[in-house]
Amino acid sequence: MKKQKSRAPRGTMRRVLSYLKGYRVYLFFSLLLALACVILTLYLPVLIGKAIDCIVGPNRVDFDTIRALFLQAAIIIAATALGQWLMNVCNNKMTFGIVRNIRNDAFCHLQKVPLSYLDTHKTGDMVSRIIADVDQFSDGLLLGFTQLFTGILTILGTVIFMLILHPGITLVVILVTPLSLFVAAFIAKRTHSMFKLQSEVRGKQTALMEEAIGSHKVVVAFSQEDELLERFDELNGKLQKASLQATFFSSITNPSTRFINSLVYAGVALVGALTVMGSGGAALSVGMLSTFLAYANQYTKPFNEISGVITELQGALACAARIFEVLDSDVEISDDEAVSENFAPKGKVEFCNVSFSYSPDRPLIQNMNLTVEPGQHIAIVGPTGCGKTTVINLLMRFYDVKEGGILIDGTDIRQIPRKNLRQSLGMVLQETWLRSGTVFDNIRFGNPTATEAEIIAAAKAAHAHSFIKRLPDGYNTRIGEDGGSLSQGQKQLLCITRLMLSPPPMLILDEATSSIDTRTEIRIQQAFAKLMRGRTTFVVAHRLSTIRESDLILVMKDGNVIEQGNHEALLQKGGFYANLYQSQFEQIKGEAK
């Protein structure tokens, strides 16, 4: 098992910073530009103070010096603006580069997690983590890079400049500073859990929306709109409450630190004014006092900005923690120890004492033994939930067996790279999958190098060519996600065409013609008969009339193979299969009447 890494704010921040390794150049220039901007910004009040000291009294103004000082100030302002723009460019490169890398890592990781992980986590929540949480994380990270560096450097630089001007007054500023830091840290600690709750509720809400939109027809068919609205309203209320709490407590930070910083400014003004009057301008001139007040304002301003940055970072780190939860999830067992890189099966399949269950307290398949010779056609039948599809999942290594082993040509499938194994097993499922794009694109998904002529030939073999030609743009017709307005039968025909385009050595047909009309099904069965010739084929079927010609029929019940043989032998046996077949036959006769 993969060890779970810390998701506390400190541990999360450490992991975020680890993504900076590829952006050290941008980080270096960002810090360098931040330092230059801070120095220029801090030098500006010195020029203004000198200009004030050039105004001694009526008719005693040194305009030449003032003009020279103003020219220097204009140059410094322009240079600072350019430096800040370049610094923002570097920060944007870092921030969005890190966000891209994290999002890529999360998406790549999801390709490696076992099917059991995806089965137990809501799709909408996963989408929310990778899209919404990463977006919020990038906002907080960008604000951090933009203001955190300059804020810290401004505080340090201001203290140095103030110490040079007057150490005594600087001491007043420094003594009050810890109070501002304490208030910001106190509030930040309490807002992190609120932002985390906000992200979690948002994920649940996204999951519900994804379910509602994806299953809208089912919702409407069962008149569940009101119940769905109630569930959404409940989550929406929780999100409102969590967001209000997080925003309220985080917004206290800025006014609290501003109040304390105003006390700093007032203290500097009072002590400075008394110093000027007490020394007659010898220890501290009016111009120097104005410079000091500007520094006091610049010194306190970053604390307000940093408090805002800390608030944003709390939300960003809460989102980052949810992303890292995905990255920390266990992945499938590596194929590093695979020994059969060049896998070209002849088609012999053996189940040797195979046991499997989805949960330890609910056993399913126990001690299953089966030998399938190359080129045989195996049908798997039985009541719903008996383990038919589970056998296919184990054969495809969507799940790994708990005990025993599955061998193909004498090699345990756990020693065969998953990619090679799955390329050798062509599947057509009852549940269709089509992506947004043209009909050509969806068929070519089975063989990216296929030509137009090969695609049309495969469509004709699957009896899909006629309905495709009737579409507005034929094979170039764009269809929406999951087939758009196509019927379920048309979607299934496209999936069958995809398999026909590049038939592998072994086939798995899981209710492959369940949504197709009887006339087309007969034609498809004829096409399948040609396709299956010489190929080991597993067929999962509920309509027993479609599997009468199978070489071997496995009858499953409660995860066990209770009967096996060909159609005629099983009928003569008069067991579970015979009863199942007769019940379907009687049902068909009843419907005909």
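At what angle do the axes of helix α2 and helix α3 cross? In this predicted model, in which local features need pLDDT of at least 70, side-chain atom pairs count only at pLDDT 80 or more, and totals for chains, interfaces and linings use all residues, numbering runs from 1 along each chain as its sequence is written. Side-chain values use heavy atoms, with hydrogens and water left out.

The axes of α2 (residues 24-53) and α3 (residues 63-110) cross at roughly 160° and come within 8 Å, where axes are lines fitted to C-alpha atoms, for helices over the stretch in contact, and angles run from 0 to 180 degrees between N-to-C directions. Helices (H or I, at least four residues) and strands (E, at least two) are DSSP runs numbered from the N terminus. The two helices α2 and α3 are therefore roughly antiparallel to each other, a term applied to angles over 145 degrees. The crossing of α2 past α3 is left-handed, that is, the near helix is turned anticlockwise from the far one by less than a right angle. The contact of α2 with α3 comprises 22 nonpolar, seven polar and two charged residues, with Ala, Val, Leu, Ile, Met, Phe, Trp, Tyr, Cys and Pro counted as nonpolar, Asp, Glu, Lys and Arg as charged, and the others, Gly among them, as polar.

Strand β3 (residues 349-356) pairs with β6 (residues 403-408) in the antiparallel sense over five bridges, and V349 has I408 of β6 as its bridge partner. The antiparallel pairing of β6 with β7 rests on two bridges, with D412 of β7 as the bridge partner of L407. In the hairpin of β6 and β7, which has two residues between the strands, D409 takes a positive phi near 55°.

A search of the whole structure finds one cavity of 30 Å³ or more, a cavity being a set of points, on a 1 Å grid over the protein atoms alone, where a 1.4 Å probe fits but cannot get out. The lining of the largest cavity consists of L394, Y399, D400, V401, I406, I413 and R414, where lining residues have an atom within 4 Å of a point.

Conventions: Parallel < 35°, antiparallel > 145°, perpendicular 65-115°, else oblique. 1 Å grid on protein atoms, 1.4 Å probe; cavity = no way out; pocket = protein on both sides within 12 Å on 5 of 7 lines; lining within 4 Å. Points joined across faces, edges and corners; volume = space filled by probe spheres on them. Pairing = 2+ DSSP bridges.
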